[in-house]
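Here is a predicted model.

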Amino acid sequence: MASVLSYESLVHAVAGAVGSVTAMTVFFPLDTARLRLQGVVNVLLTTPLWVVNTRLKLQGAKFRNEDIVPTNYKGIIDAFHQIIRDEGISALWNGTFPSLLLVFNPAIQFMFYEGLKRQLLKKRMKLSSLDVFIIGAVAKAIATTLTYPLQTVQSILRFGRHRLNPENRTLGSLRNILYLLHQRVRRFGIMGLYKGLEAKLLQTVLTAALMFLVYEKLTAATFTVMGLKHAHKH
């Protein structure tokens, strides 16, 4: 026992800990980049499916906007065929740029969640289930509201059947995103960027609040099983 708790063992333990912390600090940006890259790859692979899905959903809908060209797709395969034939294969990635920017939506959500949680824990020792549910809902509502204009542009670009800005065919470019935002504000006012926000909040806020509640419960249960004290503070 004495040999285990010797000064030499302590030196090795400290050296190992310092080495681990150093390695984690050095390679943490790479791990962050890996997670971001996974999100980027997911966006690039699934955007064509979302483009076709959006167009099929809106097919047959009546639009008051005269700039929108109606579609006539017989199914998924026909939609892919017509889009590639009439607009080029790059049209399948319409809305990619705002989709990439929307990868940061969860980051905003977790940032506000942790911030609100820390503020509450300054006033009480432990958070109740209701506390977690509410701050989870508030965090998601803030993230959704901040990024909703980009989601609006994303939907417009995915639908793609409009005659706006015909001189620029790169529909996913930053220039077109700014152009569409400007057109939206000019035509409908600033609130035009938030049309449909209520439905989106109902769809996402309750789901996120429940997710955070389950997350905290599972984390607490895991720490209990491991025989450790789970502090809510970070």
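Q: What is the handedness of the crossing of H4 and H7?
A: The crossing of H4 and H7 is right-handed. That label applies if the near helix is turned clockwise from the far one by less than a right angle.

Q: Which residues make the contact of H4 and H7?
A: H4 gives Gln109, Phe110, Tyr113 and Lys117. H7 gives Ala208, Met211, Phe212 and Glu216. Contact here means heavy atoms within 4.5 Å. By class, the contact of H4 with H7 has 5 nonpolar, 1 polar and 2 charged residues.

Q: What makes a nonpolar core, and which residues form the largest?
A: Its members must be buried and joined through side-chain atoms within 4.5 Å. The largest nonpolar core has 9 residues: Tyr113, Leu120, Leu121, Leu127, Val132, Ile135, Ala139, Phe212 and Leu213. H4, H5 (129–159) and H7 each give two or more residues to this core. Apart from it lies another core, of 8 residues, including Leu150, Ile177, Leu180 and Leu181.

Q: What is Leu120 in contact with, leaving aside its neighbours within four places in sequence?
A: Leu120 is in contact with Leu127, Asp131 and Ile135.

Q: How many helices and strands does the protein chain have?
A: The protein chain has 7 helices and 0 strands.

Technical notes
Residues numbered from 1 in each chain as written. Predicted model: local features only at pLDDT ≥ 70, side-chain atom pairs only at ≥ 80, totals over all residues. Heavy atoms only, no water. Helix = DSSP H or I, 4+ residues; strand = E, 2+ residues; numbered from the N terminus. Nonpolar A, V, L, I, M, F, W, Y, C, P; charged D, E, K, R; others polar. Buried < 20%, exposed > 50% of the residue type's maximum accessible area, 1.4 Å probe, protein only.
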